[in-house]
Amino acid sequence: MELQALTEPDLIFPGLPAFDIPSVLRAFADRLAGADLVADGDKLYEALWEREQLGSTGIGEGVAVPHCKLAKLKRVILAIGHVPKGIDFAAVDKSPVQLFFCVVSPESEPAAHLQCLQAISAWLKQNDESRRILEMDDPEAIYEFLSRG
Amino acid sequence: MVERDLKITNRLGLHARAAAKLVHLAGGFESDIALVKGGDEVDAKSILGLLQLGAAQGTDITIRCVGSDEDEALSSVVGLIEDKFGEGT
């Protein structure tokens, strides 16, 4: 599945106002609730936070995939954000994380969740210039960039 | 080189936390450890690589180990997957 097909410009948030793990998760939760994609931003924040407690979703090379599952969701939501100066996200390689792919999935669809993670990792692997995304501050430009690779 | 075919049986498949566990385990071995699904072969010491497989419950995979501790590596990785990554279901 192509990464671009899983998100939309309204779910791309360059330059998140975040400085640590909670503020990244809060920024995504508030924005997804604000876009009426999830009913309860606080509940989403708590679910994302609980998942981080099980082990950081910082998968290395400056990338994290904070995620959780919610019961009453119709489809997988993929939101993308960046913090170019980097955040200590307790990543597996201990590197600061700049690029965040936030995946919120329906509880009943583990395969759709995996397909989203697959699309993210495939895009990162195939796109040598993926870090150029950090220099972009226009959601539409980032959205177009996702079709590469 | 040693290898073994098996099936991903845990309900959630090879998701991020399961991949992290596998990477942690694989990193303890000198051997190169690969997971193969269809024509795709990925490094079991890379979360990004493992997620690229998108291996849901029921997926057939091959584990391939090459190196001085390949037998131990293979049995450990097979053990983790057969144990459903410790998830119970």
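Two residues are in contact if their C-beta atoms, placed from the backbone, lie within 7 Å. Keep that cut-off in mind along the way. One more thing before you click: this is a predicted model.

**Stop 1: chain A**

You'll find 4 helices and 6 strands here, and following the sequence gives you the pattern β-α-α-β-β-β-β-β-α-α. Chain A has a radius of gyration of 14 Å, close to the 15 Å that the globule rule gives for 149 residues, so chain A is as compact as a globular protein of that length. Along the principal axes, the C-alpha trace of chain A spans about 35 × 30 × 25 Å.

What share of the 149 residues of chain A counts as buried? That comes to 44%. Now for the contacts: take those in chain A between residues at least 6 apart in sequence, and 65% of them join residues at least 24 apart.

**Stop 2: A:Glu61**

Zoom in on A:Glu61. You're now in the loop between β2 (58–60) and β3 (63–64) of chain A. Check the backbone here: phi is positive, about 60 degrees, although A:Glu61 is not a glycine. Is A:Glu61 buried, exposed or partly exposed? It has 18 other C-beta atoms within 10 Å, so A:Glu61 is partly exposed.

**Stop 3: where the chains touch**

Show both chains together and look at the contact between them. Chain B puts in 13 residues, and chain A puts in 19 residues. On the chain B side, α1 and α2 (47–51) each supply at least two of the residues that touch chain A.

**Stop 4: chain B as a whole**

A compact globule with 89 residues would have a radius of gyration near 12 Å, and the 11 Å of chain B agrees with that. The C-alpha trace of chain B spans about 35 × 25 × 20 Å along its principal axes.

Of the 89 residues in chain B, 44% are buried. Do the contact exercise here too: among contacts in chain B between residues at least 6 apart in sequence, 71% join residues at least 24 apart.

**Stop 5: a pair of helices**

Select residues 16–26 of chain B, which make up helix α1, and residues 70–82 of chain B, which make up helix α3. How do the two run relative to each other? They pack at an angle of about 160 degrees, with their axes 10 Å apart. That angle makes α1(B) roughly antiparallel to α3(B), and their crossing is right-handed.

From α1(B) come B:Lys21, B:Leu22, B:Leu25 and B:Ala26, while α3(B) brings B:Ser76, B:Val77 and B:Leu80. By class, this contact has 5 nonpolar, 1 polar and 1 charged residues.

**Stop 6: B:Val42**

Next, pick B:Val42, which sits in strand β3 (residues 40–43) of chain B. B:Val42 is buried, because 21 other C-beta atoms lie within 10 Å. Leaving out residues up to four places away in sequence, B:Val42 touches B:Ala34, B:Leu35, B:Gly49, B:Leu50, B:Gln52 and B:Leu53. Try the distance tool on B:Val42 and B:Ile63: they are 21 residues apart in sequence, and their C-alpha atoms are 9.9 Å apart in space.

**Stop 7: the end of chain B**

Finally, move to the segment after α3 of chain B, where you'll find B:Lys84. Phi of B:Lys84 is near 55 degrees, a positive value in a residue other than glycine. B:Lys84 has 16 other C-beta atoms within 10 Å, so it is partly exposed.

B:Thr89 lies in the segment after α3 as well. With 8 other C-beta atoms within 10 Å, B:Thr89 is exposed. Which residues does B:Thr89 contact, leaving aside its neighbours within four places in sequence? They are B:Asn10, B:Arg11 and B:Lys84.

Technical notes
Residues are numbered from 1 along each chain as its sequence is written. Chains are lettered from A and ligands numbered from 1 in the order in which they are written. This is a predicted model: local features need pLDDT of at least 70, side-chain atom pairs count only at pLDDT 80 or more; totals for chains, interfaces and linings use all residues. Axes are lines fitted to C-alpha atoms, for helices over the stretch in contact, and angles run from 0 to 180 degrees between N-to-C directions. Angles under 35 degrees count as roughly parallel, over 145 as roughly antiparallel, 65 to 115 as roughly perpendicular and the rest as oblique. A crossing is left-handed if the near helix is turned anticlockwise from the far one by less than a right angle, and right-handed if clockwise. Ala, Val, Leu, Ile, Met, Phe, Trp, Tyr, Cys and Pro count as nonpolar, Asp, Glu, Lys and Arg as charged, and the others, Gly among them, as polar. The radius of gyration is taken over C-alpha atoms; the globule rule is 2.2 Å times the number of residues to the power 0.38. A residue is buried if 20 or more other C-beta atoms lie within 10 Å of its own, exposed if 12 or fewer, and partly exposed in between; C-beta atoms are placed from the backbone.
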